[in-house]
Structures are given as C-alpha cells and as structure tokens.
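Here are my notes for a colleague new to this structure.

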Amino acid sequence: MAYDYEYFKKEVYALTQIDLNAYKEAQMKRRIDTLISRYRIDGYENFVKALKDNTEVFEAFVNYLTINVSEFYRNPDQWKLMDKDIIPSLIDKYGKNLKIWSAACSTGDEPYSLVMALSKHLPLNQIKIYATDIDKQVMATAKVGLYAEKSIAAVPDEFKKKYFTKVGASYKIADEIKNRVEFKENNLLKDSYPTGCHLIVCRNVLIYFTEDAKDSVYRKFYKSLQPGGILFIGSTEQIIGYKEIGYKRLSSFFYEKAN
C-alpha cells in the first residue's frame with residue numbers, strides 16, 4: 001500500500017517535526033487510527049491532507065498525539081520526599097537561585113506544583129521554573145490556569161486555599177504562581193536542552209518512547225544537569241543502566257548526577 005504508516009510518519013515529521021519512530025508503533029498507531037476514525041476520514045493519505053488543510057484537525061491531532069494526562073502533586077508521597085529531602089538538599093548545595101526545568105510539562109500542573117512546593121522553602125520572587133512541551137495547545141491551557149476539581153485533588157489544603165479560586169465548576173490558579181513559570185515549546189527528541197539545571201522533572205512521558213529513545217533522553221538530561229543535580233521521573237518509569245550513564249539512585253524516582 002503506497003499510503004501506509006511509514007508514509008504517514010514521514011509526512012507528520014515534515015509537518016510537525018514530531019518523530020513517530022521514537023514511539024512504540026503498535027500503541028501509537030492504534031491511537032492515530034482511532035482519531036482518523038473519529039473524523040470519518042478514509043486512510044492516511046486523506047488524513048495527511050486534512051492535517052494540512054484543516055487547522056482544527058491539525059490541533060486535535062497534535063493534542064491527541066502528545067497524550068496529555070496530568071494532575072497536580074501526582075503521587076503525593078514522592079512530593080513529600082521532594083519537600084522533606086530534595087529541595088532542602090538542593091538549596092544547601094546551590095543556594096536559592098535554582099535552575100529548574102519541567103520537561104514535557106503538559107497543561108502546567110507539574111511546574112505549578114513545583115512552584116508551590118518550592119514556596120515552602122523560598123520566597124516566590126526567587127522561584128523560576130522553565131517549562132517546556134511539544135504541544136502549543138496544552139501550554140496555552142497552562143497559561144490560562146483553569147483546572148477541574150479532579151486535577152487539583154492532591155494539592156495540599158494550605159495551597160488550595162491560598163492559590164486557587166473557584167470559577168464555576170473549575171479552579172483558577174493564582175497569577176502569583178503562574179508568573180513564576182516560563183513556558184516554551186520544545187521537542188525532547190529533536191531540540192536542544194537547557195544546561196546547568198539543578199533539578200529536572202520529567203514524569204510519565206517517556207513510557208511511550210522506545211528503549212533507544214528513552215536512553216537518549218536520559219543521557220541528554222544527564223548532560224543538562226549540574227554535578228549533584230537531580231532528575232525526578234514518574235512512578236511508572238525506571239532508568240535501565242542508570243549507573244552506566246552516571247546517575248546515582250537516591251530513591252525509586254529520584255536520580256542524582258554523580259560529581
């Protein structure tokens with residue numbers, strides 16, 4: 001078949017710079033086929049035409065492709081460890097001007113959680129989070145800062161009262177939190193990484209990547225970290241061969257760049 005999935009991957013890369021070869025094919029193909037069916041489009045060739053000609057279809061495709069599932073303070077026990085051990089140790093090592101990167105930040109839940117977590121240790125005006133994602137649409141959502149009740153369920157009560165305002169059935173996060181985050185588009189598989197980071201947070205994203213792509217990203221994160229810097233990954237993830245890369249495992253989900 002001339003217009004098969006291989007053709008489709010090449011066309012998508014030309015349009016978006018998203019390399020579908022880095023994703024697990026069966027899983028990603030199934031998601032894309034579902035979206036094609038939803039729009040009642042016949043085949044990959046016609047779907048490519050729709051991506052080029054229809055902004056709504058294009059935006060929906062990118063949004064669907066990037067698998068945006070996010071919530072504040074996901075896995076609360078890990079955030080307690082962040083509060084008790086990780087943040088104080090980073091401040092002890094590097095002082096108060098920490099460079100923190102929230103990679104694949106989705107709708108902003110994670111970088112905003114970071115700001116709140118850091119606010120227990122630092123004044124807000126000394127906090128800056130660099131947040132990136134491949135999807136402009138979710139970052140636009142993040143900048144609005146309006147969330148469903150379910151998304152903020154795990155936020156500590158002190159922060160819910162202080163930094164969220166109920167708007168209808170949703171909750172709007174305070175500008176004083178939003179203002180501490182700088183959003184920028186970034187493709188982890190293609191674009192350059194920030195350097196000199198003290199903390200990188202990238203959670204529940206790389207599970208969708210091939211083993212080779214994961215290894216490449218973890219090695220690039222390593223280069224982005226300062227010696228002694230920390231990488232915080234998701235509860236469904238692990239770094240195979242972390243010692244070979246140069247990481248020291250502090251706990252199941254926190255890895256330190258060896259000095």
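1. The second largest pocket has a volume of about 160 Å³. A pocket is an open set of points on a 1 Å grid over the protein atoms alone, with protein on both sides within 12 Å along at least five of seven lines. Grid points are joined across faces, edges and corners, and a volume is the space filled by probe spheres set on the points. The model is predicted: local features need pLDDT of at least 70, side-chain atom pairs count only at pLDDT 80 or more, and totals for chains, interfaces and linings use all residues. Residues are numbered from 1 along each chain as its sequence is written, and side-chain values use heavy atoms, with hydrogens and water left out.

2. Which residues line the second largest pocket? They are Tyr73, Pro76, Trp79, Lys80, Asp83, Ala117, Lys120, Ala154, Pro156, Glu158 and Phe159. A lining residue has an atom within 4 Å of a point. Helix 5 (76–94) and helix 8 (157–163) each give two or more residues to this lining. Helix 5 has the largest share, four residues. Helices here are DSSP runs of H or I with at least four residues, strands are runs of E with at least two, and both are numbered from the N terminus.

3. By class, the lining of the second largest pocket has seven nonpolar, no polar and four charged residues. Ala, Val, Leu, Ile, Met, Phe, Trp, Tyr, Cys and Pro count as nonpolar; Asp, Glu, Lys and Arg count as charged; the others, Gly among them, are polar.

4. Now the largest pocket. About 250 Å³ of space lies in it. Its lining has 15 residues, and Thr16, Val62, Ile134, Lys136 and Glu185 lie nearest the centre. Helix 1 (5–16), helix 4 (55–65) and helix 7 (136–144) supply at least two lining residues each. Helix 4 gives the most, with three. The classes here are five nonpolar, four polar and six charged.

5. How many cavities of 30 Å³ or more does a search of the whole structure find? There are two. A cavity is a set of grid points where a 1.4 Å probe fits but cannot get out. The second largest cavity has a volume of about 30 Å³. Lys96, Leu98, Ile100, Leu118, Leu122, Gln126, Ile127 and Lys128 line it. That lining divides into five nonpolar residues, one polar and two charged.

6. The structure holds zero disulfides. A disulfide is a pair of cysteine sulfur atoms within 2.5 Å. Cys105 is buried, at 1% relative accessibility. Cys202 is buried as well, with a relative accessible area of 2%. Buried means under 20% relative accessible area (1.4 Å probe, protein chains only).

7. Seven strands form an open sheet in the order 6-2-1-7-8-10-9, with mixed pairing. Its edge strands are strand 6 (181–185) and strand 9 (247–249), and each pairs on one side only. Two strands pair if DSSP finds at least two bridges between them. Neighbouring strands are turned by 20° against each other on average, direction ignored. Axes for such angles are lines fitted to C-alpha atoms, and angles run from 0 to 180 degrees between N-to-C directions.

8. Strand 1 (residues 100–103) and strand 2 (residues 129–133) run parallel, joined by four bridges. Trp101 has Tyr130 as its bridge partner in strand 2.

Note on methods: Buried < 20%, exposed > 50% of the residue type's maximum accessible area, 1.4 Å probe, protein only.
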